[in-house]
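Dear colleague,

Please find below the structure that I am handing over to you.

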Amino acid sequence: MSRPVPPFTEEHEEFRAAVRRFVETELRPHAREWEEAHWFPNDVFGRLAELGYLGLKYEERYGGQGGGYVADAVFAEELARCGSGGLAAGIGAHTSIALPPIWKFGTEDQKQRYLVPGIRGEKIGALGITEPDAGSDVAGLKTRAEAVDGGFVVNGSKMFITNGVRADFVVTAVKTTPDGGHQGLSFLIVDKGEGVDAQPIEKMGWHASDTALIAYDDVFVPAENLLGELNQGFYLIMANFQWERLLMALGSVGGMQAMFERTLQYAQERRAFGKPIGSHQVIRHKLAEIALTIEAGRDLTYHALRRFVDGEDAVREVTMAKLATQRAAFDVADDCLQIHGGAGYMVEYDIERAARDARLGPIGGGTDEIMKEILGKSLGL
């Protein structure tokens, strides 16, 4: 039996086996149903909370498991086997994108009101940063919050917000100075209610997740829902980027591995010209190339994860891992689809869905172009 690859331990690998069983028995069988419905039930969050999967890295005093980032990494990698990028995205947007800012920067009162019920699956969160006219350029955000007696009044809109329809609260980036920019952004925890309108928008992939255009029309937010310090929201945005990008890399590694396994099995079973198609050199070589791509992405991602959990400056490694795995995942999905031939274009084999879902990787969480800019600057360019 091979030893676990650091930073994973034998305990983590036992946990991995448990998560994989759960994903394959309780999530994957519903993937097509939920994709066709363009929704997955909130009961999924309740079941995840019951198993302790919503609070893996959070402290026990908040209802978490206290397992740290490595346990969360195992979960993210295995969740990619669920067969629905939208399902994985909806879960991840809550546990790993909306809740971490409250965990890191929230007051004790905010943690009790949002983090604790979030870990229980009783309240679902979303992160609202991107706008119709501002994505990677977060300093260009236009949604504004004007100070009033007892709090703020928010006006503006957010775009492409995962969980935006179902969310009970949205951790929202707003301008709190006339000019905004790096020194004029703040975060408010906005409860769904009067003045908050969330409309679903259609996507190429990730169909099981709800993605919303959210409009804020004179929404009052009490002062106690200011998250972190006033006008210091840009630093809050930057704080979770590395973990979000690492999770995307881990998810792509897990997704590529699952696609490869299914395609390898298909190539061994499907016969053409008197023998399994995997016996033909062109297919055999293509599968060898896919295996190499996955291993390279996994090794780079695990290296970045080790540096991150050790508390080192891992910006360059995380950026490399994100850049290397996202486009690769789409290319692997496309190659797997090609090996399936006409069957790959049909919904029955799920490969076409994997290809559509993977296409968001080079865009979300920082585009490939932004990743290259970060890398270039890290080289002193």
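H340 is buried, with a relative accessible area of 5%; buried stands for under 20% relative accessible area, exposed for over 50%, and partly exposed for what lies in between (1.4 Å probe, protein chains only). This is a predicted model, in which local features need pLDDT of at least 70 and side-chain atom pairs count only at pLDDT 80 or more, whereas totals for chains, interfaces and linings use all residues. Residues are numbered from 1 along each chain as its sequence is written, and side-chain values use heavy atoms, with hydrogens and water left out.

H340 belongs to helix α9; helices (H or I, at least four residues) and strands (E, at least two) are DSSP runs, numbered from the N terminus. The side chain of H340 reaches the backbone oxygen of C336 at 2.9 Å. Residues up to four places away in sequence aside, H340 touches R262, T263, Y266, Y349 and I351, where contact means heavy atoms within 4.5 Å.

One of these partners, I351, is among the buried residues of helix α10. This helix, residues 351-358, is mostly covered, with seven of its eight residues buried. Besides I351, the buried residues are E352, R353, A354, A355, D357 and A358. Their cover includes α2 (31-37), α5, α7 and α9.

Two further buried residues deserve mention. Q242, in helix α7, has a relative accessible area of 17% and is buried. Neighbours within four places in sequence aside, Q242 is in contact with F308, A314, V315 and V318. The C-alpha atoms of Q242 and G90 are separated by 19 Å, and the two residues are 152 residues apart along the chain.

N231 lies in the loop between β8 (226-227) and α7. N231 is buried too, at a relative accessible area of 18%. Its side chain makes a polar contact with the side chain of T176 (2.6 Å). A polar contact is a pair of N or O atoms within 3.5 Å; within protein, one must be able to donate a hydrogen and the other to accept it, and residues adjacent in sequence count only if both atoms are side-chain atoms. Not counting residues up to four places away in sequence, N231 touches T176, T177, H182, Q183, G184, L185 and S186.

I turn next to the nonpolar cores. Such a core is a set of buried Ala, Val, Leu, Ile, Met, Phe, Trp, Tyr and Cys residues joined through side-chain atoms within 4.5 Å. The largest has 39 residues, and those with the most contacts inside it are L27, V44, L48, Y53, F75, L87 and I91. At least two residues of this core come from each of α1, α3 (43-51), α4, α5 (85-105), α7, α8 and α9 (315-340). Helix α4 supplies the largest share, seven residues. Y53 touches F15, A18, V19, F22, L48 and F75, not counting residues up to four places away in sequence. Apart from this core lies another, of 25 residues, among them V116, I129, L227 and L236.

Finally, there is the second largest pocket. Its lining consists of 20 residues, of which S2, P4, V5, E13 and R16 lie nearest its centre. The helices α1 (10-27), α4 (68-79), α7 (233-269) and α8 (281-309) each supply at least two lining residues, and the largest share, six residues, comes from α1.On a 1 Å grid over the protein atoms alone, a pocket is an open set of points where a 1.4 Å probe fits, with protein on both sides within 12 Å along at least five of seven lines; lining residues have an atom within 4 Å of a point.

With kind regards
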